[in-house]
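Thanks for coming. I have one model to go through this morning, and I will keep it brief. Please look at the display first.

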Amino acid sequence: MSLTARALWTIDRNLGAELTLAGIAEACGVSRHHLAHTFREVAGRPVMDYVRGRRLSDAAQALARGAGDILDLALESGYASHEAFTRAFRGQFGATPEAIRRRGSTEGLDLAEPLIAPARSTPRLAPPRLEAAGEILAAGLSRRCAFEDGPTITGLWRSFAPRFGEVGNRVQPIPIGVVSDPDDEGRFQYMAAAEVRDFFDAPADLSRLRIPPRDYAVFGHDDHVSTIRQTYGAIWNDWLPDHGKTLAEAPTIERHRPSFDTLTGYGGVEIWIPLG
């Protein structure tokens, strides 16, 4: 069973209990970082957004059947007050809980039905090599985004490209991408950066990140760079759980190969996955 399928089972089996990203991840035997990335990539929405949608949909159905005390329903749905529940309910469905109860129907509401982890064709992954890397220092431009924000990431690289040469004490003549600091909604900080020996000759306006020593599984992505999400999905959802590995709460690094062509997007990228 894939990681996403296990997470969906855990959520739907425990929808009436307290659910947090950390708790669901623990039940699935992975880190918050790992689950947040994988679920959003495969299911198309953040974990806790799915939980909220399912709970509010169940509440809407209960109200249409004539549920009595709305505060009790709010508490069962994970909200601390009638007001907080009503705000979330209106935001989800465009109507108040009282209106749905009076109407006695959920017709026209966009209910969040239970998801089934989709069967996907995933790229065939060559066995990774294992690397023990020392401390890595990165200086570059950084922005918060999600993997579906392809134009945002592309624009970040476009902005950083003319500034790469301004960064002194570079370790390699090729820039790196760094994926770090994921949140509960599956978004993360992406940095287009130069790997440096120290920060002394890095322009002051650039972001700086110090990555502690770590063991990595290094995967190759040989297709066009725009399809890198598929390789990430295969790593997170299949390779890591199948091999008893966990994604560490640490940055992932993308290293362009010397053959990478910034004009065409071909030439290959290495994905350095931090192991827990």
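How many positive and negative side chains does the chain have, and how far apart do the centres of the two sets lie? There are 31 positive and 36 negative side chains, and the two centres lie 1 Å apart. This is a predicted model, so please hear everything that follows as computed from it.

Now the overall layout. The chain has 276 residues, and 48% of them are buried. Nine helices and eight strands are assigned. Taken along the principal axes, the C-alpha atoms fill a box of roughly 65 × 40 × 35 Å. The chain exposes about 13,300 Å², of which carbon and sulfur atoms supply 49%. On contacts: taking those between residues at least 6 apart in sequence, 72% join residues at least 24 apart.

The largest nonpolar core has 34 residues. The members touching the most other members are F160, Y190, Y232, W236, L240 and I273. Two or more residues each come from β2 (136-145), α8 (150-160), β4 (188-196), β6 (214-221), α9 (228-242) and β8 (269-274). Of the elements, α9 gives the largest share, six residues.

Terms used. Residues are numbered from 1 along each chain as its sequence is written. This is a predicted model: local features need pLDDT of at least 70, side-chain atom pairs count only at pLDDT 80 or more; totals for chains, interfaces and linings use all residues. Side-chain values use heavy atoms; hydrogens and water are left out. Helices (H or I, at least four residues) and strands (E, at least two) are DSSP runs, numbered from the N terminus. Buried means under 20% relative accessible area, exposed over 50%, partly exposed in between (1.4 Å probe, protein chains only). Contact means heavy atoms within 4.5 Å. Accessible areas come from the Shrake-Rupley method with a 1.4 Å probe; for residues, only the protein chains shown count as cover. Lys and Arg count as positive and Asp and Glu as negative; His and the chain ends are not counted. The place of a charge is taken as NZ of Lys, CZ of Arg, CG of Asp or CD of Glu. A nonpolar core is a set of buried Ala, Val, Leu, Ile, Met, Phe, Trp, Tyr and Cys residues joined through side-chain atoms within 4.5 Å.
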